[in-house]
Every structure is written in structure tokens, then in C-alpha cells.
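Subject: Structure handover and notes

Dear colleague,

Here is the structure that I promised to hand over, with my notes below it. Please keep the sequence and the 3D view open while you read.

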Amino acid sequence: MAPADLDPLLLDPTRLSIVSLLAGTRWAEFGWVREAVDLSASALSKQVTTLGAQGYVEVEKGYVGKRPRTWLNLSDTGRTALEDHVRALQRIVDASRQAGRDHGGETDGRPPGAGGPPGDGVPHGGSVPHGGSVPHGGGAERRSPRGPSAG
Amino acid sequence: MSDRPTADEAARALDDVDRRRSQTFDSVGESRWVGVVFGVAIFLFLAAPDFFGQGVTVWTSWAFTAIVVLYSVMLRSRRGAAVLGRRTRLRRQEVSPRFALYHRVVIAAVLVVGLVSLFVPHPHLAVPYLRTIVGALLGGALIVFGPSLQTGLLSLARGGGNAHGSR
């Protein structure tokens with residue numbers, strides 16, 4: 001595993017949540033992101049400023065009628081950073097699983113369960129099911145990440 | 001999370017990434033009035049010839065087209081989408097390719113059937129106020145079932161992007 005691939009900025013769970021939310025959108029209203037990640041406006045603003053300083057998130061302000069609105073979108077830099085970060089995270093999980101298999105914890109195609117290597121930290125048979133993927137639709141892709149998006 | 005997350009932390013972070021991306025689909029919705037406007041527009045478009053004669057279809061067709069074009073243009077701009085009640089715009093890559101294909105096929109089929117029905121005479125279908133009835137059914141269905149229909153379509157549309165935001 002190359003820890004260098006992990007983005008220090010995205011190691012913060014809140015920032016990772018914000019960037020992940022924006023990854024699925026072309027743009028999103030500040031208010032929607034705030035509700036989705038359950039942050040106060042000032043806390044989100046601070047995180048957005050941090051992400052914006054790195055060039056990950058772009059901010060556009062405007063008015064709809066007389067009401068001020070702020071829209072956020074993930075820049076290409078941010079998207080690439082997220083992809084690299086997720087791949088690096090996936091490698092950590094995969095390496096742990098491989099270590100579990102090498103130690104003979106998995107002989108019948110199932111996760112080692114309680115037989116996993118002590119301290120590997122992966123919830124075998126729990127939130128990380130067989131095959132090294134994490135629950136949810138993207139598991140299969142995660143095992144073989146594709147190239148960066150064109151945006 | 002430390003500089004070097006454990007496998008457990010990494011798995012949780014990956015899970016969160018997926019969950020957040022999926023959350024995007026839940027945000028794709030519009031204000032109720034948009035469905036009402038379209039329902040009424042469909043009803044008027046279909047019912048008008050029954051009351052004002054066939055000649056009115058020229059105007060109703062233009063008016064309906066203008067509404068559709070305006071809606072499409074508004075959806076593509078942040079301010080326009082905000083007026084419509086949309087708080088995000090989904091990336092096209094997030095939509096399942098299979099769903100996108102079916103979506104285009106259905107739209108093409110509807111257009112073809114509509115065009116053919118315009119030019120093919122059907123004297124046996126002389127039901128009085130047929131257009132009004134169809135308009136009321138379609139418009140009413142859109143107003144009443146529009147939001148749940150949209151939710152259903154969105155659930156089918158999930159699955160385009162993978163877990164990392166890559167394609």
C-alpha cells in the first residue's frame with residue numbers, strides 16, 4: 001500500500017462525506033449539502049473553505065429572486081483526489097483481506113469471521129462482506145477500480 | 001482517522017462514500033407545482049380541440065412545446081433548477097446506462113406512436129370528448145402519481161457511477 005495516495009484532506013470523515021456527496025452531482029445547493037451531512041452552516045462553510053483552498057470544491061453564489069443561494073460543485077481536481085483516495089482505502093482493505101487469507105483464515109471462500117488475523121480491523125462477515133467489498137452497490141467495482149472520470 | 005487508517009476505518013470510509021453517493025438520488029425532486037403545471041398543460045393540450053375545434057392545435061402545440069423547452073432550459077441552470085425546486089443536478093454518469101437506453105427507447109416509441117396517430121385516420125374511434133377524457137386521465141395521473149413515479153424511475157436509474165466516482 002502506498003500511503004502517499006491517501007489524501008490528508010480527505011482523511012477527515014466530514015470532508016470525505018462532503019466530497020462524496022458532491023461526486024454524484026454536477027452541482028448542489030449549499031443548503032442541501034448542509035442537511036445531508038448534518039452540519040451547521042458555519043461548520044460546513046469552514047469545511048468548504050478548506051476544500052476550496054485546495055481547489056477541490058468550487059463555490060458559486062447568486063440570487064434566486066431575492067433569496068441568496070450558494071451552489072457547490074466538485075472540481076476535476078477534487079474528483080481525481082477522491083478517486084485516488086478511495087483506491088488507496090480499498091487497497092488497505094484488500095491488503096488486510098489478503099493477509100487474512102495468507103494466514104489461513106479463509107479456506108472455503110467465506111470470510112474468516114472470528115478466525116481472521118487479530119488486529120486486522122476488518123469486520124469480517126459483518127460490514128465488509130466476502131470478497132473485500134463494502135456493503136452497497138459499488139462493491140464489485142471497488143474490487144477493480146476503473147480509471148478516473150472525465151467529469 | 002489517523003494518517004494511516006486501519007482496514008476497519010478504511011472500510012467504514014468506503015461505506016460512507018457509497019452511502020453519500022447514493023444519497024444524491026434522493027435529492028432529485030421538484031416542487032409540487034411543477035407536476036401540477038404539467039398535468040394541467042397536458043389536459044389543456046389534449047382537451048382544447050374538443051372545445052375550440054381542430055384549428056386550435058397549432059397554438060396548443062406551440063404552447064406545450066414552449067413549456068417543455070422552458071422546463072429543459074431551467075433544469076440546466078442552477079437558478080432555474082432552484083425555481084423548480086431542484087437542489088442538485090445529478091451527473092449523467094451516475095445514471096445506469098441500461099436505464100438511459102430504455103429511457104431513450106421509450107421516448108422514441110412515444111414520439112413515433114404520436115406521429116403515426118396524427119397521420120393515420122381512425123374513423124372508428126369516434127368517441128365524443130375522447131381527447132378530453134385522455135387529457136384528464138394523463139394530467140390527473142401526472143399530478144397525483146408524479147412524485148411516486150419519479151421516485152420509482154430514480155430507483156431504476158441508480159447504479160451508473162461506481163463507488164469511487166469513476167466511470
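In helix α1 (residues 7-26) of chain B, Asp16(B) and Arg19(B) sit three residues apart, about one turn of the helix, where helices (H or I, at least four residues) and strands (E, at least two) are DSSP runs numbered from the N terminus. Their side chains meet in a salt bridge at 2.8 Å, N to O, a term that stands for a side-chain nitrogen of Lys or Arg within 4 Å of a carboxyl oxygen of Asp or Glu. Asp16(B) is buried, with a relative accessible area of 13%, whereas Arg19(B), at 47%, is partly exposed; buried means under 20% relative accessible area, exposed over 50%, and partly exposed in between, with a 1.4 Å probe and protein chains only.

Before going further, please note that this is a predicted model, in which local features need pLDDT of at least 70 and side-chain atom pairs count only at pLDDT 80 or more, while totals for chains, interfaces and linings use all residues. Residues are numbered from 1 along each chain as its sequence is written, chains are lettered from A and ligands numbered from 1 in the order in which they are written, and side-chain values use heavy atoms, with hydrogens and water left out.

Salt bridges

Over all chains, the count comes to 12 salt bridges by this rule. One of them pairs Arg87(B) with Glu35(A), the closest N and O atoms being 2.9 Å apart. Because Arg87(B) lies in the loop between α4 (78-84) and β1 (88-90) of chain B and Glu35(A) in helix α2 (residues 30-37) of chain A, this pair joins two chains. Arg87(B) counts as partly exposed at 25% relative accessibility, and Glu35(A) is likewise partly exposed, with a relative accessible area of 46%.

Please take care with the chain letters here, as Arg87(A) has a salt bridge of its own with Asp84(A), in which the closest N and O atoms are 3.2 Å apart. Arg87(A) and Asp84(A) are three residues apart in helix α4 (residues 76-102) of chain A, and are therefore separated by about one helical turn. At 14% relative accessibility Arg87(A) counts as buried, while Asp84(A), at 33%, counts as partly exposed.

Aromatic pairs

How many aromatic pairs does the structure hold over all chains? There are three, counting rings of Phe, Tyr and Trp (its six-membered ring) whose centres lie within 6.5 Å, with planes under 30 degrees apart taken as stacked, over 60 as edge-to-face and the rest as tilted. Among them is the edge-to-face pair of Phe38(B) and Tyr71(B), at 5.0 Å centre to centre and with 80° between the planes. Phe38(B) lies in helix α2 (residues 32-52) of chain B and Tyr71(B) in helix α3 (residues 57-76) of chain B, so the pair ties together parts that are 33 residues apart in sequence. Both Phe38(B) and Tyr71(B) are buried.

The rings of Phe51(B) and Tyr129(B), by contrast, have centres 5.5 Å apart and planes at 40°, so this pair is tilted. Since Phe51(B) belongs to helix α2 of chain B and Tyr129(B) to the loop between α5 and α6 (130-157) of chain B, the pair ties together parts that are 78 residues apart in sequence. Phe51(B) is exposed, with a relative accessible area of 52%, and Tyr129(B) counts as partly exposed at 46%. Phi of Tyr129(B) is near 55°, a positive value in a residue other than glycine.

Surface patches

Phe51(B) and Tyr129(B) also belong to a nonpolar surface patch of about 900 Å², whose other members include Phe52(B), Val127(B) and Leu130(B). Patches are made of residues with over 30% relative accessible area and no salt bridge, like charges being joined within 9 Å and nonpolar side chains (Val, Leu, Ile, Met, Phe, Trp, Tyr) within 5 Å; the areas come from the Shrake-Rupley method with a 1.4 Å probe, and for residues only the protein chains shown count as cover. The elements that give two or more residues to the nonpolar patch are α2 and α6 of chain B, and α6(B) gives the most, with five residues.

A positive patch is formed by Arg26(A), Arg76(B), Arg92(B) and Arg104(B), where Lys and Arg count as positive and Asp and Glu as negative, His and the chain ends not being counted, and the place of a charge is taken as NZ of Lys, CZ of Arg, CG of Asp or CD of Glu. Arg104(B) is found in helix α5 (residues 97-119) of chain B and counts as exposed at 55% relative accessibility.

With best wishes
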